[in-house]
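Subject: Structure handover

Hello,

Here is the structure for your files. My notes on it follow below.

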Amino acid sequence: MNFLKAAGIVILLALLAGVGFVYSGQFDPAADAPHSRPVYWLMENLRHRGIESRVSGITVPDLQDPELLRSGA
């Protein structure tokens, strides 16, 4: 039970920190302001993992198949 209580407190503190960050106005949303290294890391990993999880079941068709070429034209 102590573990659940501690986990709940950690989650609550993380949520409060996130809300505090949002309302603090510290994030610069300007398009010409460069992102920090952690933000670049987060965006790169989100993009990579998102693509990887969606393409795992896709098989590439034979791109030389004349019927496929005709249907694409």
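Ile58 counts as exposed, because its relative accessibility is 57% (buried means under 20% relative accessible area, exposed over 50%, partly exposed in between, with a 1.4 Å probe and protein chains only). Ile58 lies in the loop between H2 and H3; helices (H or I, at least four residues) and strands (E, at least two) are DSSP runs, numbered from the N terminus.

Some conventions. This is a predicted model, in which local features need pLDDT of at least 70 and side-chain atom pairs count only at pLDDT 80 or more, while totals for chains, interfaces and linings use all residues. Residues are numbered from 1 along each chain as its sequence is written, and side-chain values use heavy atoms, with hydrogens and water left out.

Overall form

The protein chain has three helices and zero strands, in the order α-α-α from the N terminus. Its radius of gyration is 23 Å, whereas a compact globule of 73 residues would have one near 11 Å (taken over C-alpha atoms; the globule rule is 2.2 Å times the number of residues to the power 0.38). The C-alpha trace spans about 65 × 45 × 20 Å along its principal axes. Of the 73 residues, 1% are buried.

The accessible area of the protein chain is about 7,000 Å², and carbon and sulfur atoms supply 67% of it. Accessible areas come from the Shrake-Rupley method with a 1.4 Å probe; for residues, only the protein chains shown count as cover.

Nonpolar patch

Val19, Phe21, Val22, Tyr23 and Phe27 form a nonpolar patch on the surface, with about 590 Å² of accessible area together. Patches are made of residues with over 30% relative accessible area and no salt bridge, with like charges joined within 9 Å and nonpolar side chains (Val, Leu, Ile, Met, Phe, Trp, Tyr) within 5 Å. Phe21 lies in helix H1 (residues 2–24) and is partly exposed, with a relative accessible area of 45%.

Charges and salt bridges

There are 6 positive and 7 negative side chains in the protein chain, and the centres of the two sets lie 13 Å apart. Lys and Arg count as positive and Asp and Glu as negative, without His and the chain ends; the place of a charge is taken as NZ of Lys, CZ of Arg, CG of Asp or CD of Glu.

Side chains of opposite charge can pair when their charged atoms come close. How many salt bridges does the structure hold? It holds three (a side-chain nitrogen of Lys or Arg within 4 Å of a carboxyl oxygen of Asp or Glu).

- Glu44 and Arg47 meet at 2.6 Å, N to O. They are three residues apart in helix H2 (residues 37–55), so about one helical turn separates them. Glu44 is partly exposed at 44% relative accessibility, and Arg47 is partly exposed at 45%.
- Glu52 and Arg49 meet at 2.4 Å, N to O. Both lie in helix H2, three residues apart, about one turn of the helix. Glu52 is partly exposed, at 37% relative accessibility.
- Glu67 and Arg70 meet at 3.3 Å, N to O. They are three residues apart in helix H3 (residues 66–72), so about one helical turn separates them. Glu67 is partly exposed at 47% relative accessibility, whereas Arg70 is exposed at 55%.

Regards
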